[in-house]
Amino acid sequence: MPHLTLEGLDLIDGLLAEQGSLTAVDRFSQRHDRGDAPDQAIHYRDLIPLNQPAAGQQYAFEVDLDACSGCKACVVGCHSMNGLDEGETWRDVGQLALHEGERPLDDLIATAATHTAMATQHITTACHHCIDPGCLSGCPVKAYDKDPVTGIVKHLDDQCIGCQYCIFKCPYDVPKYSPSRGIVRKCDMCADRLAADEAPACVAACPTQAIKITVVNTRDAIDTAATGHFLPGSPAPQYTQPTTVYKGHRKLTRAAAANANIPTPEHAHLPLIVMLTLTQLAVGGLCALVLLDNTGTFENLPLARLVLAGVCTLAGLAGLISSTLHLGRPLYAFRAFLGLRTSWLSREIIGFGGWFNTVLMYVSLLVMKPDLLGGLARTALGGGVITTGLVAVFCSGMIYYDTPRRLWARWQTLASCFLTTATLGSGLALLLLIAWPGLLSQSTLTQLAMVMALATALQLLFEASAKSLAGTGDLLRGPLQPMAQARLGMGLIGGVLLPVVLLFVHTHSAQLLAALLAFSLTLAGEALARTLFFTAVVAPQMPGQPGRKPQ
């Protein structure tokens, strides 16, 4: 169209002529239909299926590893199309380090980051839209949905409370927390574009057609996951049964993530540290209170019983309140019961809710009608306090046990929760009972001190065994070593040595000082243990991806 000026040209005619011309898309479409643009046609051929999945099928990403150049156009396309925050990515590009010699694979992993005599393979990855997605089963508010027709796993932003448990449950680091929104978000395979017969952003942006959408048989995906074959350096596929198909001619049997030997500490999750420490302290202290009460320890000093119950109740309340600080949208926490059937987080929330209500009944009767707690009524209510408390602690442990993280996916995780409950509960009971001269008999003191010492010793042994885990051991011997040494020292002195000293000290002032130091050091040590519990874990992710940012 000729250049328009206001002198000597009819501006209206020019604008009408411009409106009557075809758009660039229309002109390309006409050329494509006439066969004038064969080179461009490849950009629109075989990138998405022509038909929706049939029964027993679903959509999946297919990645041609031979074609992937690592240019990250897919990352940029996804970021732009979905309007992601700065630093937020739903698709990442990592690297595998390849080695074709005879060196042991352990040596390969140990030197992967140095790129010594190795080739690299770029890996583009997003949500794998798994057959059995961990994010969906773990969500306490049902903020995930797997489309029954397409198999696409979608995140329901309006339903999310920002608890981030799906991040713990996903072995591929797919869900990403958005601090500005207080929710988690993830790839949905551009489902709206697929519904309009348009390729997802990453597929359309890839200049080498390394990514496309295909249809897979779910039975085949399940069988393939059962064999353990997915992609070298990636988490075991049996956990969630991913559907992404990686194809290529290079042999990847001797490959490792390019950053395999560079573990970095994870986010500490301070609200969860406070919550776990205080709730287990409260449960342990109330268990000790109920057991001691049934032996007649508080028969002549009901005030001491009330003080111990009050301290435990306040500690439990503080722990439960602190847990809400971990939520991005705490006002919607009331939805947490929705995932009871599948989510251990829902079960923990309901469990502690039942425990706290039982405790309030117990303490209320202590204050208003202590006589009603005699005989069968006291035994039944006290048993309810113990049972509901231990069930809630069990659910706390299962939250982490039921994840693909090696440090947590061991029975020691559950044992650790109960040992912390025993250690802090007996330590608090010792301190408060010693504060009343003549209340604590020597036999009861011995029992509480031995429980505290044995529980702490076992706890330290379990924590020491974590150093044998790949990655975790490197962290505990490296950047986390000062914290690990401080935790060990506090545990040995406060949880083991001082309780034993109590057995040989008979003056009241010395006993009180030893009990105070023992409880203080043990409480600080258990808080450090919970910090290491979160920071020393090696979170699984797809190979060679960039490290996470603190959340």
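Reader: Which residues of helix 11 meet helix 15?
Author: Thr277, Gln280, Leu281, Val283, Gly284, Gly285, Ala288 and Leu292 do. On the helix 15 side they meet Cys417, Thr420, Thr421, Leu424, Gly425, Leu428, Ala429 and Leu433. Contact means heavy atoms within 4.5 Å. Helices are DSSP runs (H or I, at least four residues), numbered from the N terminus.
Reader: And by class, how many nonpolar, polar and charged residues are in that contact?
Author: Nine nonpolar, seven polar and no charged residues. Ala, Val, Leu, Ile, Met, Phe, Trp, Tyr, Cys and Pro count as nonpolar, Asp, Glu, Lys and Arg as charged, and the others, Gly among them, as polar.
Reader: What am I looking at, and how are things counted?
Author: This is a predicted model: local features need pLDDT of at least 70, side-chain atom pairs count only at pLDDT 80 or more, and totals for chains, interfaces and linings use all residues. Residues are numbered from 1 along each chain as its sequence is written, and side-chain values use heavy atoms, with hydrogens and water left out.
Reader: Back to the pair. At what angle do the axes of helix 11 and helix 15 cross?
Author: Roughly 60°, and the axes come within 7 Å. Axes are lines fitted to C-alpha atoms, for helices over the stretch in contact, and angles run from 0 to 180 degrees between N-to-C directions.
Reader: What does that make helix 11 and helix 15 to each other?
Author: Oblique. Angles under 35 degrees count as roughly parallel, over 145 as roughly antiparallel, 65 to 115 as roughly perpendicular and the rest as oblique.
Reader: What does Leu431 touch, beyond four places in sequence?
Author: Leu512, Ala515, Leu516 and Phe519. Leu431 and Leu512 are 81 residues apart along the chain, with C-alpha atoms separated by 6.8 Å.
Reader: What about Cys206?
Author: Cys206 is in no disulfide either. The nearest cysteine sulfur belongs to Cys71, 6.0 Å away. Cys206 is buried, with a relative accessible area of 10%.

Definitions and conventions:
Helices (H or I, at least four residues) and strands (E, at least two) are DSSP runs, numbered from the N terminus. A disulfide is a pair of cysteine sulfur atoms within 2.5 Å. Buried means under 20% relative accessible area, exposed over 50%, partly exposed in between (1.4 Å probe, protein chains only).
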